[in-house]
Structures are given as structure tokens and as C-alpha cells.
Amino acid sequence: MLSIDGRKVDVLGEVNNRWVTLTRNCKDVTVLSPDMVVYRQAQSLIQAYSPPSSQSARIASAWASGPWLLIEVEFDALLPAVVTLKAAGGEFTIVPNAIWSGYTQPWVAAPFIRDYLSRQAPDMPIDLVKCFTPQSKSFQ
């Protein structure tokens, strides 16, 4: 962490984020949209995960690769989160040890969250992790 004029700057995070953006391969990663069934399934699962607070889940971005999903969500009363889901037997389930919840300031959000999720779910496709780019204002 570097301090410039009293403002903390995550130099390594900025460099990592730019490097990943330049080198990632997103051809096998799909950005999901609200009109897709899998998007709606993911939202329903997240809303039912820890009610009543989770019922306000709003998807900020959703990414898929094979049987894996990364869903960025915001809530009314909970901290923002990135939730990992995996399909098995045709049904998605939330991977409970691979949920990021909270803010990352002063660190740059994308590399911080990517690193955490890749350690928590090492079988997740690396391209999915690298292509995940937070969209919510919570992680800007």
C-alpha cells in the first residue's frame, strides 16, 4: 500500500488488475443476463440462502464457465458479495466456502476478490476467475 497525498493507493492491485485484463482469455466465459434461466436460478438460490436479509439480493453481474457461476450481488441490509455456485446433477448449489462478502477498500477489488475465490474454490476455471470484473458501485 502506497500513500500519496494522504490517500492510500494499492499499486500492486492496480498492476495486477491491468495485467489480468491484458492476458486473460474470456472465450469460454459467458456474461449472464436477466433473461437467462440460469441467471434467475442463481438469484433465487442466493435470495433463499440466509433469509430474510438475503431476500433483497440484486445481481450486479453474473459470469459462467461450464458448471461454475460467479454472481456479484448487493443487498439492502447485508454487505455486497460475490457468490460462487456450481452445478452438479443438473442443479446449482452455492459453494459455501467460496463467498466473498464485504468491501475491499483500500485494496483494488477485482484482484483481491479473484485471489480469495481462487484459493477457496481451486477447481473453478481460472478463466472464469480472471474474467470476473466487478460491476457494482460497492467495489469501485
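Biologist: How exposed is Asp 28?

Modeller: Asp 28 is partly exposed, because its relative accessibility is 47%. Buried means under 20% relative accessible area, exposed over 50%, and partly exposed in between, with a 1.4 Å probe and protein chains only. This is a predicted model: local features need pLDDT of at least 70, side-chain atom pairs count only at pLDDT 80 or more, and totals for chains, interfaces and linings use all residues. Residues are numbered from 1 along each chain as its sequence is written, and side-chain values use heavy atoms, leaving out hydrogens and water.

Biologist: What does Lys 27 form with Asp 28?

Modeller: Side chains of opposite charge can pair when their charged atoms come close. Lys 27 and Asp 28 form a salt bridge, with the closest N and O atoms 3.2 Å apart. The term means a side-chain nitrogen of Lys or Arg within 4 Å of a carboxyl oxygen of Asp or Glu. Lys 27 is exposed, at 64%.

Biologist: How many salt bridges does the whole structure have?

Modeller: The search finds 3. One of them joins Arg 58 to Asp 76, at 2.8 Å between the closest N and O atoms. This pair links distant parts of the chain, 18 residues apart: Arg 58 is in strand β4, Asp 76 in the loop between β5 and β6. Helices (H or I, at least four residues) and strands (E, at least two) are DSSP runs, numbered from the N terminus. Arg 58 is partly exposed at 38%, while Asp 76 is exposed at 65%.

Biologist: Which side chain meets Asp 115?

Modeller: Arg 119, in a salt bridge of 3.1 Å, N to O.
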